[in-house]
Amino acid sequence: MSTKPAFSFSTNPSTNVTVSPFWVKPASKSSDAKKIIKQVWKWFKLAFLAFMMIMGLWGCFQTMWDGTVSTNSTIGSGLEFGFPFGQTGDWRYDLSASIGQQYHTFSQWTMAYGPFYAIFVFPGATLVQNLMYSLNNWRGGMNALLAIFVLLLIIRILSITVTLRSTLQNEKMTEVQGKISEINAKYKDLKDMASKQKKQQETMEIYKKYNIKPFAAFEQMFITLPIFLIVYRVVTILRPLKATSLFGIWSFGVTPLSQIFSSEFTHMGWTFIFFLLLVIPAQFLSMKLPQRWAKQRNRNAMATSDKGNKQQKRMRLFQTIFSGVMGFIVAFSAVGVGVYWFLNSLFSLGQSYLMHVIILRNRRKGGKLESRLKSLGLD
């Protein structure tokens, strides 16, 4: 007795070509091409993020151990970036003619100070320097403020893709936190291997259903360190910034605590207290307000398990400690670094609020933004 197959392929007698059923679609070359492009893009992103992280670590360790790139707030000391001696005739922009053991000049593209300074610091320092010099008739250091603002704006625009992707992934993780907490509670007291595998399987099904890529939320971390170091080094080595006095009160080349605890306190040192009262709260708000906005967006998706609540408490504790460390760094760093942190905090607040508005509008429109990002490979 023969068994008839569920379906069979027929052959067109006139052409002797095998024809498959209409619901069986032939392999598409374009889909294969898309898969290849997607894989290439994936590996390119991984290579790029790894490169950025390596460069960030390179710059960090080089700053700590390489004396040729050491920071010194005194003009004519440490590593300085500026125009070659005599180019402008302005001592604030032209580097000194003599080079001592404690003084190193950086006025043109060179690999002498390593790839971090050649690839990242040089373009940023050149931009800020030329902007400041073209607006050197501005009073009160406003040309310096504008130049740092433009540098930060360009960096934010270049990194907007990673920032947007990371923010949306964090948002998705928050939205499904309640479901993840239910799974955790379901397998709370089950420690056998089969239960652990089942728990992992159910968790991955949630991630797949909502198109969540857990590690994508951490992509921003790989470019945060390099960005901070780039701007930090631009601010600390640029000669015209060292010579700038913001509003005629706060010199970019001094540290706030050195002025507060000095004989200059009764003269102008006390004004640096107000400087710290501007910068440190701005940094604190740039971390706390986005949390509040996220909580408003996801009131129905908060973690309900003990594990989820403990994770949130640890996160809040970490952010509080981080804010304290940043305040400590600002107090002991040059005023120029504090100005950078203040402007960066304003950028972060503006970007977070913009994302807050975009996400709320996207939900009202049925997720069109996410669909668009997915079509671009940014989901």
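Where is arginine 316 found? Hi everyone, let's start there: arginine 316 sits in helix 12. A quick word on the model first. It is a predicted one, where local features need pLDDT of at least 70, side-chain atom pairs count only at pLDDT 80 or more, and totals for chains, interfaces and linings use all residues. Residues are numbered from 1 along each chain as its sequence is written, and side-chain values use heavy atoms, with hydrogens and water left out.

Back to our arginine. Helices here are DSSP runs of H or I with at least four residues, strands are runs of E with at least two, and both are numbered from the N terminus. Arginine 316 counts as partly exposed, because its relative accessibility is 39%; buried means under 20%, exposed over 50%, and partly exposed in between, using a 1.4 Å probe and protein chains only. Patch members have over 30% relative accessible area and no salt bridge, with like charges joined within 9 Å and nonpolar side chains (Val, Leu, Ile, Met, Phe, Trp, Tyr) within 5 Å. A salt bridge means a side-chain nitrogen of Lys or Arg within 4 Å of a carboxyl oxygen of Asp or Glu.

There is a nonpolar surface patch too, made of Trp138, Met142, Leu146, Phe149, Leu153, Ile157, Phe247 and Ile249, with about 690 Å² of accessible area together. Isoleucine 157 belongs to helix 3 (residues 142-158) and is exposed, at 53%. Phenylalanine 247 is in the loop between strand 5 (245-246) and strand 6 (250-251), and is partly exposed at 47%. Do look at its backbone: phi of phenylalanine 247 is near 60°, a positive value. Most residues other than glycine have a negative phi.

Now, the aromatics. How many aromatic pairs does the structure hold? There are 22, where rings of Phe, Tyr and Trp (its six-membered ring) pair if their centres lie within 6.5 Å, and planes under 30 degrees apart are stacked, over 60 edge-to-face and the rest tilted. Take tyrosine 93 and tyrosine 133: their ring centres are 5.0 Å apart and their planes at 75°, so this pair is edge-to-face. Tyrosine 93 lies in the loop between strand 3 (78-81) and strand 4 (103-106), and tyrosine 133 in helix 2 (residues 115-134), so the pair ties together parts 40 residues apart in sequence. Tyrosine 93 is buried at 2%, while tyrosine 133 is partly exposed at 30%.

Note on methods:
Areas by Shrake-Rupley, 256 points an atom, 1.4 Å probe, with all protein chains shown as cover.
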